[in-house]
Amino acid sequence: MFKKSQQLAKKIIKIKKQKKPTLLIGGRTLPKSIDLTKEAIQHGREHEWTVKLGKVKEKDYEGCYEAVQYPEIWTYIPRPPPIGREAFEPFFKDMINNKNRHAFIVREGTDIVGSTSYYDINDSHRQVEIGYTHIRPEYWRTSVNTQAKLMMLQHAFEELHCIRVQFRTDEQNGRSRAALERIGAVYEGIRRNDRILEDGRTRNCVFYSILQEEWPMVKSNLYTLLMKHEAEKRNVILETPSSLKTTTTIIKPNEQTTIL
């Protein structure tokens with residue numbers, strides 16, 4: 001009886017010590033952090049490109065909590081908003097423990113301004129979705145989300161060798177849809193009655209994607225957007241570096257326009 005109790009205790013301890021499985025894409029490990037340091041220095045913008053992504057850790061709890069306490073962030077999200085300590089606890093635990101999600105804290109300089117994630121990770125078919133992106137409203141219409149998207153897409157296509165990256169958003173979320181179309185993500189369609197929101201509204205979900213062969217065009221779009229943002233701040237005109245110039249195709253529903 002005593003031996004059985006000891007064996008059971010060892011089994012419980014073993015289960016508790018089990019780590020979250022390593023998430024892979026194409027056999028490659030997902031990153032602990034990403035930043036644009038090399039690219040920023042290469043293009044002479046080490047001071048302007050200040051956003052960094054780091055895998056979420058327990059010590060990020062307070063900063064993450066403060067970053068998501070804005071009701072306007074959650075208008076189109078099909079789950080209870082993590083407003084207040086009680087609601088935030090399961091939200092933060094999911095960021096750390098979800099077995100098919102690789103969550104990042106988004107930092108502007110040293111400040112935590114939100115979070116974003118790789119999820120629905122498909123190792124065998126080298127596909128991933130980018131989402132769970134929540135940025136403090138004061139950083140909307142800045143370059144923060146653009147920098148984060150550039151980092152995550154660049155790592156997905158150039159380091160993990162993904163063949164496809166997917167996005168989804170509420171059909172009524174015009175701001176999110178416009179942002180995805182602006183960088184060159186391709187509209188794929190709508191999944192009707194996808195979720196029921198907290199207010200009782202039935203949400204239709206819009207899907208977008210970027211394929212491996214489309215990445216050079218999208219990368220050029222992202223750099224152009226970042227440079228335009230810098231130009232607006234400085235009130236000057238900046239040109240796209242020749243190394244990044246490419247034919248840009250912006251694809252919208254039932255419409256394709258090529259800009260040379």
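This is a predicted model: local features need pLDDT of at least 70, side-chain atom pairs count only at pLDDT 80 or more; totals for chains, interfaces and linings use all residues.
Reader: Which residues lie nearest the centre of the largest pocket?

Author: The largest pocket has a volume of about 1300 Å³. Its lining comprises 44 residues. Those nearest the centre are T133, N145, K149, R175 and S176.

Reader: Which helix gives the most to the lining of the largest pocket?

Author: Several elements each supply at least two lining residues, including strand 6 (111-122), strand 7 (127-135), strand 8 (164-170) and strand 9 (186-196). Helix 5 (144-159), helix 6 (174-183) and helix 7 (215-234) also each supply at least two. The greatest contribution, 7 residues, comes from helix 6.

Reader: How many residues in the lining of the largest pocket are charged?

Author: The lining divides by class into nonpolar, polar and charged residues.

Reader: Are helix 5 and helix 7 roughly parallel or roughly antiparallel to each other?

Author: The axes of helix 5 and helix 7 come within 10 Å and cross at roughly 155°. Angles over 145 degrees count as roughly antiparallel. The two helices are therefore roughly antiparallel.

Reader: What is the handedness of the crossing of helix 5 and helix 7, and how many residues of their contact are nonpolar?

Author: Helix 5 passes helix 7 in a left-handed crossing. Helix 5 makes the contact through T146, Q147, K149, L150, L153, Q154, F157 and E158, and helix 7 through W215, V218, K219, L222, Y223, L225 and L226. Of these contact residues, 3 are polar and 3 charged.

Notes. Residues are numbered from 1 along each chain as its sequence is written. Side-chain values use heavy atoms; hydrogens and water are left out. On a 1 Å grid over the protein atoms alone, a cavity is a set of points where a 1.4 Å probe fits but cannot get out, and a pocket is an open set with protein on both sides within 12 Å along at least five of seven lines; lining residues have an atom within 4 Å of a point. Grid points are joined across faces, edges and corners, and a volume is the space filled by probe spheres set on the points. Helices (H or I, at least four residues) and strands (E, at least two) are DSSP runs, numbered from the N terminus. Ala, Val, Leu, Ile, Met, Phe, Trp, Tyr, Cys and Pro count as nonpolar, Asp, Glu, Lys and Arg as charged, and the others, Gly among them, as polar. Axes are lines fitted to C-alpha atoms, for helices over the stretch in contact, and angles run from 0 to 180 degrees between N-to-C directions. Angles under 35 degrees count as roughly parallel, over 145 as roughly antiparallel, 65 to 115 as roughly perpendicular and the rest as oblique. A crossing is left-handed if the near helix is turned anticlockwise from the far one by less than a right angle, and right-handed if clockwise. Contact means heavy atoms within 4.5 Å.
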